[in-house]
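Hello,

Please find the sequence and structure below.

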Amino acid sequence: MLVCHCNVISQSEMEDLIRGLLDEDPWQLIVPAKVFRAAEARGKCCGCIPNISATISKVVEAYHRDLDSAERDVAALMQRLAAFGTRQEVKQYARRTRSNRKAQRGPVS
Ligand code: FES
C-alpha cells in the first residue's frame with residue numbers, strides 16, 4: 001500500500017526508512033521531513049503527512065518495545081512526537097482558515 005502517492009513510497013518502505021533512522025539514534029525526534037530526507041524525496045501535496053506521522057508513532061513504539069527501553073523514556077519520546085503532531089495540525093488549521101478568509105473576501109477589484 002502506498003503511503004505517499006506523490007513520491008511513490010509504500011508503507012513498508014516508509015517503515016524501513018524510520019527503522020534506519022532509529023538505528024542511527026533511537027532517541028531522536030523523527031518528523032515527516034526527516035523521513036522525506038532519508039527517502040531523498042520532498043513533500044509535494046503533503047496530504048500524506050498525517051499517515052506518515054501515524055506510521056512514525058507506530059514504528060517508534062514497536063522499535064523501543066523490541067529494545068526493551070525504559071517505559072518512562074519511551075512515554076516521554078511519544079509525548080514529544082504527539083506534541084509535534086498537534087503543533088502541525090494547529091498550523092494546518094491556521095493556514096486553511098487564512099485561505100478561507102481570503103476566498104470569502106472575493107476577488108480584488
Ligand atoms: S502524497 Fe506525499 S507528498 Fe503528496
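The buried residues of α3 are Ile49, Ile52, Ser53, Thr55, Ile56, Val59, Val60 and His64. Seen down the axis of α3, these buried residues lie within an arc of 160 degrees, so they line one face of the helix; the arc is that of the directions from the helix axis to the C-beta atoms. The face turned away from this buried side carries the exposed residues Ala54, Lys58, Arg65 and Asp66. Buried means 20 or more other C-beta atoms within 10 Å of the residue's own, exposed means 12 or fewer, and partly exposed is in between, with C-beta atoms placed from the backbone.

This is a predicted model: local features need pLDDT of at least 70, side-chain atom pairs count only at pLDDT 80 or more, and totals for chains, interfaces and linings use all residues. Residues are numbered from 1 along each chain as its sequence is written.

Helix α3 covers residues 49–67, and its 19 residues should span 27 Å at 1.5 Å a residue; the end C-alpha atoms are 27 Å apart, which agrees. The expected span is 1.5 Å times one less than the number of residues. Helices are DSSP runs (H or I, at least four residues), numbered from the N terminus.

Most residues other than glycine have a negative phi. Glutamate 40, in the loop between α2 (32–38) and α3, has a positive phi of about 55 degrees. Glutamate 40 counts as exposed because it has 7 C-beta neighbours inside 10 Å. Aspartate 68, in the loop between α3 and α4 (71–105), has a positive phi near 60 degrees. Aspartate 68 is also exposed, with 7 other C-beta atoms within 10 Å.

Regards

Note on methods
Helix = DSSP H or I, 4+ residues; strand = E, 2+ residues; numbered from the N terminus.
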